[in-house]
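Welcome, and thanks for taking a look at this one with us. Please open the structure below and keep the ligand in view as you read.

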Amino acid sequence: METRTALVTGAAQGLGQEFAVALAGRGYRVAGLDLVPQRETADRILDYVELVADVTDEAQIGGALERVLEQFGTLHVLVNNAGADPEADVEDITPEEWRRVMRVNLEAPFLMARAVLPYLKAAGRGRIVNIASAAVPTAPPTRVAYTASKAGLIGLTRALASALGPYDITVNAIAPGMVRTRTAERTGGAVGSGGGFEHVRAHQAVPGTQEPCDLVSTLLYVVDEGSGFLTGQTLDVAGGSACW
Ligand SMILES: NC(=O)c1ccc[n+]([C@@H]2O[C@H](COP(=O)([O-])OP(=O)(O)OC[C@H]3O[C@@H](n4cnc5c(N)ncnc54)[C@H](O)[C@@H]3O)[C@@H](O)[C@H]2O)c1
C-alpha cells in the first residue's frame, strides 16, 4: 500500500504535536510546520520533516510545501491546527490584534488549503482538517476575536467541502473544548481569568479535563480512507460542553 503523507501546522507543541505523533503512529509520513523549531516533536517521530514557517505568509508556505514534496513526493492530509488564542476584554482588543487573530485562525487555513490543493488533486484524493473550537457555541466573553475567527473557520470548512468534494477531497473541522495544553494553561486555565478548567468541567457532561490525546481518535477517523462521505462537518469533541 502507498504510504500516506500528512502536514500538520502548529506542530511544535500541544495538539499539533499530539496529532503529528498520532499520524506517524498510524504509518503516515509526517511533516510539521511551525513558527518555531519542533525539537520535541522531531524527537518523537522517525524521519519527521520539520518546517519553520509562518502560516500567514504565502511565500513561506510555498517554500515549506516545496520541501514536503521533495521529501514525500505527494501529500494526502493537511491539518490546519496552528492558532492564536489571546484573551482580552472587548474594550482592550485593538484592531491590529483582531486582524492578527483573523489572519492566523481564518486566513491561514485558507492559504494553506489553497496551497496544498494541487498536490491533493494530483494524489487523487485528500483530507483537510481544520481545528476549530467549542468556543463557537459556548462564546466565552473574553474571547471575542477568537470565537469570531473560529466561527469563520467553520464556515470556511463547509464552503471548501463543497468546492473540493468533486476532487475527492474532504474538509472537516474538529472543535475541541478546553484542552490541557501549555497555552490553554497559561491563557485560559487560571480560574477567574474568564473561565478556567474548573469552570469548563462544571459545564460539560463527562467528568475530567480534556487532554490532547482525547482528540486523536476523532482526527484519525476523519482522515481515514473510509471516511470519504464525511465532509463539511464540525465534530464537537468537548465532553458535551453546553454553555459558558
Ligand atoms: N488548547 C485548547 O484548549 C484548545 C481548544 C479549542 C481549540 N484549540 C485550537 O487547537 C489548536 C492548537 O491549540 P494548542 O492549545 O495546542 O495551541 P498551542 O499554542 O499550544 O500551539 C499552537 C502552535 O501554533 C504555532 N503557531 C502560532 N502561530 C503560527 C503561525 N503564524 N505560523 C506557524 N505556526 C504558528 C505556535 O508556535 C504553536 O506551536 C489551535 O488552533 C487552537 O485554537 C485549542
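This report covers the ligand site and then the aromatic rings.

## The model and its pocket

Please bear in mind that this is a predicted model. The ligand takes up the space of the largest pocket. Around the ligand there are 26 residues, and the closest of them are Asp34, Asn81, Val179, Thr181 and Thr183.

Three helices each supply at least two residues of this shell: H1 (14-25), H6 (144-164) and H7 (182-187).

Which side chains are worth a zoom here? In Asp34, a side-chain N or O atom is 2.6 Å from an oxygen atom of the ligand. Thr183 also brings a polar side-chain atom to 2.6 Å from a ligand oxygen, while for Lys150 the distance from such an atom to an oxygen of the ligand is 2.9 Å. On its own, the ligand has 820 Å² of accessible area, and the protein covers 90% of it.

## Aromatic rings

How many aromatic pairs does a search of the whole structure find? The count is 0.

There is still a ring to visit: Tyr167 has the charged end of Lys121 sitting over it, 4.3 Å from the ring centre.

Key. Residues are numbered from 1 along each chain as its sequence is written. This is a predicted model: local features need pLDDT of at least 70, side-chain atom pairs count only at pLDDT 80 or more; totals for chains, interfaces and linings use all residues. Side-chain values use heavy atoms; hydrogens and water are left out. Rings of Phe, Tyr and Trp (its six-membered ring) pair if their centres lie within 6.5 Å; planes under 30 degrees apart count as stacked, over 60 as edge-to-face and the rest as tilted. A charge sits over a ring if NZ of Lys or CZ of Arg is within 6 Å of the ring centre and within 35 degrees of the ring normal. A residue is near a molecule or strand if one of its heavy atoms lies within 4 Å of it. A polar contact is a pair of N or O atoms within 3.5 Å; within protein, one must be able to donate a hydrogen and the other to accept it, and residues adjacent in sequence count only if both atoms are side-chain atoms. Accessible areas come from the Shrake-Rupley method with a 1.4 Å probe; for residues, only the protein chains shown count as cover. On a 1 Å grid over the protein atoms alone, a cavity is a set of points where a 1.4 Å probe fits but cannot get out, and a pocket is an open set with protein on both sides within 12 Å along at least five of seven lines; lining residues have an atom within 4 Å of a point. A molecule sits in a cavity or pocket if more than half of its atoms lie within 2 Å of its grid points. Helices (H or I, at least four residues) and strands (E, at least two) are DSSP runs, numbered from the N terminus.
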